Amino acid sequence: MSTRLRITREAYSDLRSHLFRGDHDEHAAILLAGVAARPNSTRLLVREVHLLGANEFTPGIHGYRQLASSALARLGARAHAERLALITCHSHPGAKDSVALSKDDLAGHRRVFPHLLNIVSNGQPVGGIVLGGSSAGGEIWLDKNQRVRLDRVDVIGETLAALAPAPQPANNQVGSRYDRQARVFGAQGQQILRRMKVAVIGLGGGGSIVSEHLAHLGVGTILGIDFDRVERHNLSRIVGAVSRDAKRRKKKVEVAKQLATRVDRSVNFEAIDGDIADTATAARVAECDFIFLCTDTMTSRLIANSIAQAHLIPMVQIGAKIDQPEGRISSIYVAVRPSFPRHGCLACAGMIDPVGLQREGATDAERAAQNYLNLPDVIDPSVITLNGVAASVSTNLMLMAITGLAQPGNYAHRLFDARSGFWLTLEERRDPECLWCGESDRSRFARGDSARLPVRLDMTKEPRRRLLSLSRWPRVSSLTRDRQLN
Amino acid sequence: MDAINPEVADALAEVEDHFGRRVLHEADGQGGAVVTIEALDLPGSWARSKAPVRFVVPYNFPATPPYPYYLPQEVQPPTPWHQALQPIEWRGESMIQVSLRNNNWDPARDRILGCILQVADWLRAQ
């Protein structure tokens, strides 16, 4: 069972500034967190940080200091109302790269947490963590009888960082396969890649190259998702696909799996022949450490963006676009849009079009009926070189973030003008009321499993019902008056 | 109410608060709902003075609003028909499609009732 706490870089900075003030004293805060629980793992996703003043972290009766019952009652009630876990947090200012809860801390948990579980009383855990200079440890009470050790705190920002209770055993052996790249980001960077699980949604022109890059980099697990089959017109772009695949109409996800495992047999490629719009597939994506969104639908943007914000998972969306009004090419560009928690939300950036969502949700017959201007279907042009730029830049962006090499600007949405070779970076837009990344109580941000994703119901579990009572108009004749008769 | 997503259920409650017992709905099988509001007013130039309006609240509401809306064919608008009205077959029935779309829908701020009242106002104004 792995237990991790995820927190944005901004929230972590606020927390650290409060806990480590240079006075060598202990200070405290309470974190309210969404929960993503899986059979073998629990992720706590920090949504709110409540910094406690000296009046709420007072000299203790049993130990050095204790949290005031008023703070626990106030924030326990909020955790209950918001269906969030409650995590107490304090500093051990003398600890550097190793830290642990003290005997007094643990005894305090045994006295207080049973009552705190009652206050929170929403089935969510409570816990206590302690931060050292560059370390974090703690314990989480999943319920009154089940306690687990906190394995890691993941700090999600332009660079990603992990804090553990103690330094990880050094392993400088990377092997000759990764020797050259490990000279860039070190053996530790290579180990981070090996531990990662990365989702690639869409394995067409862009996604197939991303997947291949990830395999070459040595990413431990690739979760590849695509429901589509290879067709002849795909062969100019899908890396790994050959004529025989088109003839046999092989699944794109199988082509990607074959290529990734040919690159490196030790890569664990989990193939999902499915759609991100389905509940079970979306739940699998929410288990990942990084997401590449390589499809061109509004529905997949909506769902992947929701997962990224609700589960604090960094994501990059890629695409290429060739505009040719009236048959003349006006622009050719590549888009790389990072959507990190609280940064680059695709909804805030206006990249999730409600009209497009509606069209994608309609049946073919409905779409035809709604196309009353008889506009022809447009087949978008596409070129592998554009996909390659998007795939390489986005994979590089992930690499810089996870190895700590990223510089400010890694969050920026960027467009590459393929005709001039210029890159354009876009100013970040944020809507505080955003339903996905915003700060209002309606926002799904960091709510984990309790943030319902905008996915279809799982019809394998919920058989489709026939519309019986509404199959005919209700009482039209009795409700309306025939004007010609009056 | 099972098989309907919570946000869709909230939207239905909002519509019911306004229209009361004139609202009928059923799960669409994906988490959304097919909704019928009975007896919206139509102007004198139509064959009927009132008509039910039907629409789908999609499973991913509020990311996208309902569109389009449907009327029974017997309400017969005046000719020539407004370009937002088209005769169609929808789920096995002959209907009139009302193609009124909220092009600037903001999921964080706009409400479903606003969409429906706009449709009701538009119908009254024809």
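Visitor: Is A:Ile276 buried or exposed?
Guide: This is a predicted model, and in it A:Ile276 has 28 other C-beta atoms within 10 Å. A residue counts as buried if 20 or more other C-beta atoms lie within that distance. A:Ile276 is therefore buried.

Visitor: Where in chain A is the place of A:Ile276, and which residue has its C-alpha atom 7.4 Å from that of A:Ile276?
Guide: A:Ile276 sits in the loop between strand 14 (268-272) and helix 8 (279-285) of chain A. Leaving aside neighbours within four places in sequence, its contacts include A:Ile225, A:Val285 and A:Ile303. The residue asked for is 75 residues away along the chain, and it is A:Ile201.

Visitor: Is B:Asp41 buried or exposed?
Guide: B:Asp41 belongs to strand 2 (residues 33-41) of chain B. It has 12 C-beta neighbours inside 10 Å, and a residue with 12 or fewer counts as exposed. So B:Asp41 is exposed.

Visitor: Leaving aside its neighbours within four places in sequence, which residues is B:Asp41 in contact with?
Guide: The C-alpha atom of B:Asp41 is 7.5 Å from that of B:Leu123, 82 residues apart along the chain. With neighbours within four places in sequence left aside, the contacts of B:Asp41 are B:Lys50 and B:Arg124.

Visitor: At what angle do helix 5 and helix 7 of chain A pack, and how are they described?
Guide: Helix 5 (residues 205-217) and helix 7 (residues 252-263) of chain A have axes 8 Å apart and an angle of about 25 degrees. Angles under 35 degrees count as roughly parallel. Helix 5 of chain A is therefore, relative to helix 7 of chain A, roughly parallel.

Visitor: Which residues of helix 7 of chain A meet helix 5 of chain A?
Guide: The crossing of these two helices of chain A is right-handed. From helix 5 of chain A come A:Ser208, A:Ser211, A:Glu212, A:Ala215 and A:His216. By class, the contact has five nonpolar, three polar and one charged residues.

Visitor: Which strands of chain A each supply at least two residues of the side of domain 1 that touches domain 2?
Guide: Chain A is divided into domain 1 (2-163) and domain 2 (176-426), with centres separated by 35 Å over C-alpha atoms. In the contact, 11 residues of domain 1 of chain A meet 15 residues of domain 2 of chain A. The domain 1 side divides into five nonpolar, two polar and four charged residues. The strands are strand 1 (2-8), strand 2 (28-38) and strand 11 (160-163) of chain A.

Note on methods: Residues are numbered from 1 along each chain as its sequence is written. Chains are lettered from A and ligands numbered from 1 in the order in which they are written. This is a predicted model: local features need pLDDT of at least 70, side-chain atom pairs count only at pLDDT 80 or more; totals for chains, interfaces and linings use all residues. Axes are lines fitted to C-alpha atoms, for helices over the stretch in contact, and angles run from 0 to 180 degrees between N-to-C directions. Helices (H or I, at least four residues) and strands (E, at least two) are DSSP runs, numbered from the N terminus. Angles under 35 degrees count as roughly parallel, over 145 as roughly antiparallel, 65 to 115 as roughly perpendicular and the rest as oblique. A crossing is left-handed if the near helix is turned anticlockwise from the far one by less than a right angle, and right-handed if clockwise. Two residues are in contact if their C-beta atoms, placed from the backbone, lie within 7 Å. Ala, Val, Leu, Ile, Met, Phe, Trp, Tyr, Cys and Pro count as nonpolar, Asp, Glu, Lys and Arg as charged, and the others, Gly among them, as polar. Domain bounds come from an automatic or database domain assignment.
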